[in-house]
Amino acid sequence: MIALLVLTAPAALALPKYRLQAITQFHLDDGSGLAALDRRVMSCSYCHVKESGGAPWNPFGEAIRATFKANAEAGGKAKFPEILSILLKSEQDADGDTYPDALEVWAKTLPGDAESKPTEPLETVQAEFEAAGGVGQFGPQETEKK
């Protein structure tokens, strides 16, 4: 196990901080720290068109960028965790598949890919989401520096 961690440490150090913050904020990490090393937990294509990241962004990535821009234009200085929270609270559906982004995050489908959506009806997913804590569960972690 230690050898695996030593061999993968350079890859872990190279991961974008936004991805690592989103893994924590979206509760995708089981606490072992291995989620940061496993791109199946949250690949770059969560927000980007290409698996390798970078431009161009998919519709969810573009919604994040637009939220950053709107916040800055309004004089805000929100960091990435706050931007994610603002976006998810807005109840947008970036990919136009009728499931709001927050529901897709909760259901572990891709909010930037219209082909990836929950299999249950919207009303069912919405009720389960609200019973689980709703969008508030994706707020910035209190331990993060602002």
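Leaving aside neighbours within four places in sequence, which residues is Ala 132 in contact with? Select Ala 132, then Trp 106 and Gln 137: those are its contacts, where contact means heavy atoms within 4.5 Å. This is a predicted model, so local features need pLDDT of at least 70 and side-chain atom pairs count only at pLDDT 80 or more, while totals for chains, interfaces and linings use all residues. Residues are numbered from 1 along each chain as its sequence is written, and side-chain values use heavy atoms, with hydrogens and water left out.

**Stop 1: Ala 132**

Ala 132 is found in the segment after H6. Helices are DSSP runs (H or I, at least four residues), numbered from the N terminus. Ala 132 and Trp 106 are 26 residues apart in sequence, yet their C-alpha atoms are 9.2 Å apart in space. Ala 132 is partly exposed, with a relative accessible area of 41%. Buried means under 20%, exposed over 50%, partly exposed in between (1.4 Å probe, protein chains only).

**Stop 2: helix H4**

Now select H4 (80-89). This helix is largely enclosed by the rest of the structure, because 8 of its 10 residues are buried. Colour Phe 80, Pro 81, Glu 82, Ile 83, Leu 84, Ser 85, Leu 87 and Leu 88: these are the buried ones. They pack against H2, H3 and H5. Just after H4, check Glu 91, which takes a positive phi of about 60°.

**Stop 3: the nonpolar core**

A nonpolar core is a set of buried Ala, Val, Leu, Ile, Met, Phe, Trp, Tyr and Cys residues joined through side-chain atoms within 4.5 Å. The largest one has 23 residues. Select Phe 26, Met 42, Tyr 46, Phe 60, Ile 64 and Leu 88, which touch the most other members. H2, H3, H4, H5 and H6 each supply at least two residues of this core. The largest share, 5 residues, comes from H4. Next, centre on Phe 60. Not counting residues up to four places away in sequence, Phe 60 touches Tyr 46, Cys 47, Leu 87, Leu 88, Ala 94, Asp 101, Pro 111 and Gly 112.

**Stop 4: the pocket lining**

Finish at the residues around the largest pocket. A pocket, on a 1 Å grid over the protein atoms alone, is an open set of points where a 1.4 Å probe fits, with protein on both sides within 12 Å along at least five of seven lines; lining residues have an atom within 4 Å of a point. Select Tyr 18, Arg 19, Cys 47, His 48 and Phe 80, which lie nearest its centre among 16 lining residues. H3 gives the largest share of the lining, 4 residues.
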